[in-house]
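Take a walk through this protein model, one region at a time. Keep the sequence and the 3D view side by side as you read.

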Amino acid sequence: GDIIVTMDAENHLPGEIPLLINKLREENADVVVGSRFLKGANVDLDKKRLIPSKIANKIARASLQLNVKDCSSGFRVYRSGAIKDAVVNMKTQYFSVQVEILDRIKEAKGKILEIPCTYLARESGKSKYDIKPAVEDGMTILKIAKDRQVEDIKSRIKGVKEKTESSKEKTGSMKEKFRDMKIGVDKVKSKGKDIFRDKFRDKFK
């Protein structure tokens, strides 16, 4: 199909899926995120999970310049073309996959939106969250951000060099024009002197 939906079966409400799909279609977006951190969200999550999640999101947002408050939410609807291109050769493997996908869609000039959603507490079972892979993925996200900053700096330096070279070429061209103008002026002066000398000589013959 043209739309792909992802969600955490133990935390999200299937009844809210149409809200995300409608937003995607109405706004012609590439992805709509069901956010736990927007005003209007209904979140049942204890503080020991909520606070670290908010901090991690702020770091990811600042590092990758993502205009999304909940960039690790698993409740999303994607335009299929956008997500298929985004998941090629992923660098992350854990929950940060959600962050990397948004970053790739953003870098491809895709449109990313989010709306508040409901997030329910787990009724049974155990979370797969583990601190070690989470930290490793977090470091990968920071490396992606750092590498991009380096590439941006290189691109800017290249742009400055190209402008400098272009300016030198223009300066050289201007110098040639001024030289040609000077040669032309000198010729006119010389011609004027010859004419004046000839007239003066003829007058006193």
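Start at Pro18, which is partly exposed, with a relative accessible area of 43%. Pro18 lies in helix 1. Helices (H or I, at least four residues) and strands (E, at least two) are DSSP runs, numbered from the N terminus. Now look across from Pro18 to Val77. The two are 59 residues apart in sequence, and their C-alpha atoms are 9.5 Å apart in space.

A word on the model itself. It is predicted: local features need pLDDT of at least 70, side-chain atom pairs count only at pLDDT 80 or more, and totals for chains, interfaces and linings use all residues. Residues are numbered from 1 along each chain as its sequence is written, and side-chain values use heavy atoms, with hydrogens and water left out.

Step back to the whole chain. The protein has five helices and six strands. Along the sequence they run β-α-β-β-α-β-α-α-β-β-α. The protein has 205 residues, and 30% of them count as buried.

Return to helix 1, where Lys23 is found. Lys23 and Val33 are ten residues apart in sequence, and 9.9 Å apart in space, C-alpha to C-alpha. Lys23 also has a charged partner. Its side chain meets that of Glu27 in a salt bridge (3.8 Å, N to O). A salt bridge is a side-chain nitrogen of Lys or Arg within 4 Å of a carboxyl oxygen of Asp or Glu. Lys23 counts as partly exposed because its relative accessibility is 25%. Glu27 is partly exposed too, at 33%. Lys23, Glu27 and Lys111 are linked in a network of salt bridges.

How many salt bridges are there by this rule? The count comes to six. One of them joins the side chains of Asp70 and Arg36, at 2.7 Å from N to O. This pair links distant parts of the chain, 34 residues apart. Asp70 sits in the loop between helix 2 and strand 4 (76-79), while Arg36 sits in the loop between strand 2 (31-35) and strand 3 (42-43). Both Asp70 and Arg36 are buried.

Now find Glu16, in the loop between strand 1 (3-6) and helix 1 (17-26). What is the nearest side chain of opposite charge to Glu16? It is Arg36, 11 Å away. Here Lys and Arg count as positive and Asp and Glu as negative, while His and the chain ends are not counted. Glu16 is buried yet has no salt bridge. Its side chain does have a polar contact of 2.6 Å with that of Thr118. A polar contact is a pair of N or O atoms within 3.5 Å; within protein, one must be able to donate a hydrogen and the other to accept it, and residues adjacent in sequence count only if both atoms are side-chain atoms.

Move on to helix 4 (residues 97-107), which holds both Asp103 and Lys106. Their side chains meet in a salt bridge (3.7 Å, N to O). The two residues are three apart, about one turn of the helix. An α-helix has 3.6 residues a turn, so residues three or four places apart point the same way. Is Asp103 buried or exposed? Asp103 is buried, because its relative accessible area is 2%. Lys106 is partly exposed, at 22%. Other residues of helix 4 are buried as well, including Val99, Ile101 and Leu102. After helix 4 comes Lys109, whose phi is positive, near 65 degrees.

Next, the cysteines. A disulfide is a covalent bond between the sulfur atoms of two cysteines. The rule asks for a pair of cysteine sulfur atoms within 2.5 Å, and the count comes to zero disulfides. Cys71 is buried, with a relative accessible area of 1%. Cys117 is buried at 3%.

Ile51, Ile55, Ile59, Met139 and Leu142 make a nonpolar patch of about 460 Å². Patches are made of residues with over 30% relative accessible area and no salt bridge; like charges are joined within 9 Å, and nonpolar side chains (Val, Leu, Ile, Met, Phe, Trp, Tyr) within 5 Å. Accessible areas come from the Shrake-Rupley method with a 1.4 Å probe, and for residues only the protein chains shown count as cover. Helix 2 (47-64) and helix 5 (131-203) each supply at least two residues of the patch. The largest share, three residues, comes from helix 2. Met139 lies in helix 5. Met139 counts as exposed because its relative accessible area is 52%.

Technical notes:
Buried < 20%, exposed > 50% of the residue type's maximum accessible area, 1.4 Å probe, protein only.
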